[in-house]
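Student: I would like to go through this structure one feature at a time. Please give the general idea, then the case at hand.

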Amino acid sequence: MACVNPDGTLTEAARSLLKQLQVSRSPKELSDALSAPLFKVRSSLRKLAEAELIKQEDEGWVITEKGQKVLNETETD
Amino acid sequence: MYKESEQCGPAPIVGPRIGEPAPQFEAVTTMGTLKLSDFKDSWLILFSHPADFTPVCTTEFMAFAEMHDQLREMNCELLGLSIDSVYSHIAWARTIETVFGQKISFPIIADLNKDVACLYGMIMPGDSKTETSRCLYVIDPKQIIRAMIYYPLSTGRNTDEIIRLLQALQTTDKHGVATPANWRPGDKVIIPPAVTQDMAEERMKEEAIECRDWFFCMKKIEEQKEE
């Protein structure tokens, strides 16, 4: 589940993940929602957090303002 | 304690051992950069093969991929490794799918620097100085090493045995029992031997278990059927 293409755009997998993070979700909830292995979800969350597109909140993760902006830009392309 | 080796530089003399935490790592794989800790809360079979685009390894990868669905039903993931580049892994996986019709559905570590191979003692110079031997580690959800299997370059592994091993370990964890030689699900399991004379005496009187002698007791496990 790579997150960012060489040209800086989000991968389809990353977009799907970010869309799920409008509310705080745990890695397990995301794994169930996306039918993706938990290890892939954890790896992707780490990459998205490094890019400051998501942040930890309560027991889970949620999209940041930067993440929402990038997602919106991707959706309008 | 470390020993200098041609393959690994200063490397631990004693590799990973059963019952100890699996050494943590972060590695480039065909599914992005992964950490061992990403696999926490599920069982993991970490295994190495000597080289991509070789025949025995190709048969092994097809066999591992065939059992992946069954492993996932048992809450177990697969993670492969060889000292090859990620480009080689991708090309080989695509070749296996095209030529043999088997999709490789698990990540493969591209361990060009031999970091993970040396950490886990996967290089056996007597077998090959430049490639990992066929090493396999069964790691539980708490990331403890529970079993290890080592095979030489020449001999492909038996995936039925790997499944059986995992079933046995999970049965042990669930029921607090041991499993005898050649055990299969549904066979009787072994009750851990008595450790006191009183316990040995009581053990012989228990009706729910079958004891040939105080130290040799077995029982059938009644699995609860889901409603």
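Tutor: Start with helix α1 (residues 12–20) of chain A, where A:E12 and A:R15 both lie, three residues apart, about one turn of the helix. Helices here are DSSP runs of H or I with at least four residues, strands are runs of E with at least two, and both are numbered from the N terminus. This is a predicted model: local features need pLDDT of at least 70, side-chain atom pairs count only at pLDDT 80 or more, and totals for chains, interfaces and linings use all residues. Residues are numbered from 1 along each chain as its sequence is written, chains are lettered from A in the order in which they are written, and side-chain values use heavy atoms, leaving out hydrogens and water.

Student: What do the side chains of A:E12 and A:R15 form?

Tutor: Side chains of opposite charge can pair when their charged atoms come close. A:E12 and A:R15 meet in a salt bridge, 2.4 Å from N to O. The term requires a side-chain nitrogen of Lys or Arg within 4 Å of a carboxyl oxygen of Asp or Glu. Over all chains the count comes to 16 salt bridges.

Student: How many salt bridges are there between chain A and chain B?

Tutor: Two. In one of them A:R46 pairs with B:D38, with 2.7 Å between the closest N and O atoms.

Student: How is the area between the chains read?

Tutor: The size of an interface is often given as the accessible area lost when the parts come together. Between chain A and chain B about 900 Å² is buried (accessible area lost, 1.4 Å probe, summed over both), and carbon and sulfur atoms give 52% of that. In chain A, the residues that lose the most area to chain B are A:F39, A:R42 and A:R46, together 63% of what that side buries. The contact (heavy atoms within 4.5 Å) takes nine residues from chain A and 12 residues from chain B.

Student: At what angle do α2 and α3 of chain A pack?

Tutor: Two packed helices are described by the angle between their axes and the distance between the axes. Helix α2 (residues 27–34) and helix α3 (residues 38–50) of chain A pack at about 120 degrees, with axes 9 Å apart. Axes are lines fitted to C-alpha atoms over the stretch in contact, and angles run from 0 to 180 degrees between N-to-C directions. A:L30 in α2(A) and A:L45 in α3(A) are among the residues that meet.

Terms used
Buried area = accessible area lost by both parts, 1.4 Å probe.
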